[in-house]
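Have the sequence and the model open side by side.

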Amino acid sequence: MADPGWSTDTGEAVYRSRDPVRNFRLRVHLQKVTSSSLLYQSPPQLVNDLIDMVTFNPRTSASGHWRDEEDEEEVVIGWQEKLFSQFEVDLYQNETACQTPLDHQYHQEILNLEASGGRKNRRIFTYTDSDRYTNLEEHSQKMTTSDSEVPSFLVERMANVRRRLQDRRGLSTSREGSIVKSRIITWEPSEEFIRSNHVINTPLQTMYIMADLGPNRKLGQSNYEQVLCTLKVDSNGVITVKPDFTDNKGPYRIVMEGEKQEVWKYTISNVSSPAQREEEEREQRVFKDLYGRHKEYLSSLVGSDFEMAIPGSLRLFVNGEVVSAQGYEYDSLYVHFFVELPDNWSSPPFQQLSGVTQTCVTKSVGMDEVAYFSYPFTFEASLFHENEFLADLPQWPVLYLEVISLDFWQRYRVEGYGSTVLPLAPGSHTVTVSTWRPVELGTLAELRRFFIGGSLELEDLSYVRIPGNFKGKRLSRFGFRTETTGSVTFRFHCIQQSKAFLEPGFGWKKMQSVLGGFYKQDSVTNVLEAFQRARRRMQEARENLPQDLVSSSTL
């Protein structure tokens, strides 16, 4: 007896398709296995051509008689195509047994089938997603081989997930289900609510391909119904087939329980029609049109014309971020900042040049207490120059900041003041600004700051750098007591736009030399002034020394 090569792998297979599921077609071939079919072999499998088995044709029985046509059947089934079983035909022929609109629809369809000559299928039939059928084997799957296994809570919930759509309709009309739709958060969930919503339930459509393996002329008994294939499709185009197609594998086997233990074999093939060339071209045109419209939509949001800067002006775009603050005495920090525009600078009317971060609790990072804000801000400003652009070094915008702490009783304390000139060069920059705060001598001031909050504050934040109402040549802060506190880290992303950058000979190096010269000239001037002051003090000190000390120091 030849080995038929049964396929024992009945696990599910998952496919993904971009085509509509209505084009899905399956061919199912069902055949009853007899002794003749087991003995039959094709001519290439004959051994030494010594035995001729032409008489053992699979179309005949062992006695040479033709087999009944009901022992073999082949049908091509589409997605959600309804094929009635003998039991359903007997049931829905009687109109009094119809209760739902679907039952009455099946009643009319069966009458039309009988009028047209009866149904073509005999043993193979289907249960669609609208039928009241659930494969109980999907809900009684065991995780181990133990006979005394008790399903866990997760197994039960996942079994409910595999239930079909009409079995879940009752859940959407329950009281707990309505609460989920009306409330984002359920503050006091019941135990039943937790058990029913613990697992995400993804809806999908299911279809069962069945077979009635009962005795001939006694079809329609539910105990002879067997599931040949289960198809599941979700909205993402994922198709689950259980068992998988038998394209390059042997047929599947079903052994019926009973005295005779009849054996049936069946194969499942994907016979979906491939897309024609005209259909593929039409689909490509549809996608091309869709992508083109999407591109036009994005272009409409950006605009087709590039906005140029006014001649003789420089536009500055800054996307900044208050990154963090560290080194302060108290917790719960927030930062108040604003940008001051010098002369010849302007901003759009809708532009906000100030901001306040959220209150942030510090976190221990090594030896420091750091408050991470990650607070973004953005602004735009323009510099107008009457003469040739960038002929003189311009004054650049300055960012002023104030760090404040807030306690549980809503008492605030000034933790520090600081300022920084915005980066002159375009690109990304990370700047750390050191801060200070004014202090008052005496224990009473520190006790007041600790217990009731409040401390010395600046009426004008521009006093951190140069006050706006200052008109003199020298600014004296003699007698003004301060204390160094922590630091605030900023991140700037700067963009500069000007028509002057397009002029011949104005390259990147020249722009760097002009814009970057502000910092270099400022730093060099400060160093030279400090050196000259120190040299003058040394000369004055030498002049005031006694002559004998001066002569001895020169030896």
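Helices (H or I, at least four residues) and strands (E, at least two) are DSSP runs, numbered from the N terminus. The model is predicted, and local features need pLDDT of at least 70, side-chain atom pairs count only at pLDDT 80 or more, while totals for chains, interfaces and linings use all residues. Residues are numbered from 1 along each chain as its sequence is written, and side-chain values use heavy atoms, with hydrogens and water left out.

The interior comes first. A nonpolar core is a set of buried Ala, Val, Leu, Ile, Met, Phe, Trp, Tyr and Cys residues joined through side-chain atoms within 4.5 Å; buried means under 20% relative accessible area, exposed over 50%, and partly exposed in between (1.4 Å probe, protein chains only). The largest such core has 39 residues, of which Leu399, Leu401, Phe490 and Phe492 touch the most other members. Several strands supply at least two residues each, including E10 (313–326), E16 (398–406) and E19 (482–497). Strand E15 gives the most, with 6 residues. Contacts (heavy atoms within 4.5 Å) of Leu401, leaving aside neighbours within four places in sequence, include Val335, Phe337, Tyr417, Val433 and Phe490. A second, separate core of 31 residues includes Val28, Val241, Tyr252 and Ile254.

Next come the charged pairs. A salt bridge is a side-chain nitrogen of Lys or Arg within 4 Å of a carboxyl oxygen of Asp or Glu, and the count by this rule is 12. One of them joins Asp103 and Arg132 at 3.6 Å, N to O. Asp103 lies in helix H3 (residues 101–115) and Arg132 in the loop between strand E4 (124–127) and helix H4 (153–161), so this pair ties together parts that are 29 residues apart in sequence. Asp103 counts as buried because its relative accessibility is 3%, whereas Arg132 is exposed at 61%.

Arg293 and Asp289 also form a salt bridge, at 3.3 Å, N to O. Both lie in helix H8, 4 residues apart, or about one turn of the helix. Arg293 is exposed at 57% relative accessible area, and Asp289 is partly exposed at 40%. Salt bridges that share partners join Lys82, Glu88 and Asp131 into one network.

Helix H8 (residues 277–302) also holds Val302, which counts as exposed because its relative accessibility is 73%. Together with Tyr297, Leu298 and Leu301, Val302 forms a nonpolar patch on the surface, with about 450 Å² of accessible area.

Methods:
Patches are made of residues with over 30% relative accessible area and no salt bridge: like charges are joined within 9 Å, nonpolar side chains (Val, Leu, Ile, Met, Phe, Trp, Tyr) within 5 Å. Accessible areas come from the Shrake-Rupley method with a 1.4 Å probe; for residues, only the protein chains shown count as cover.
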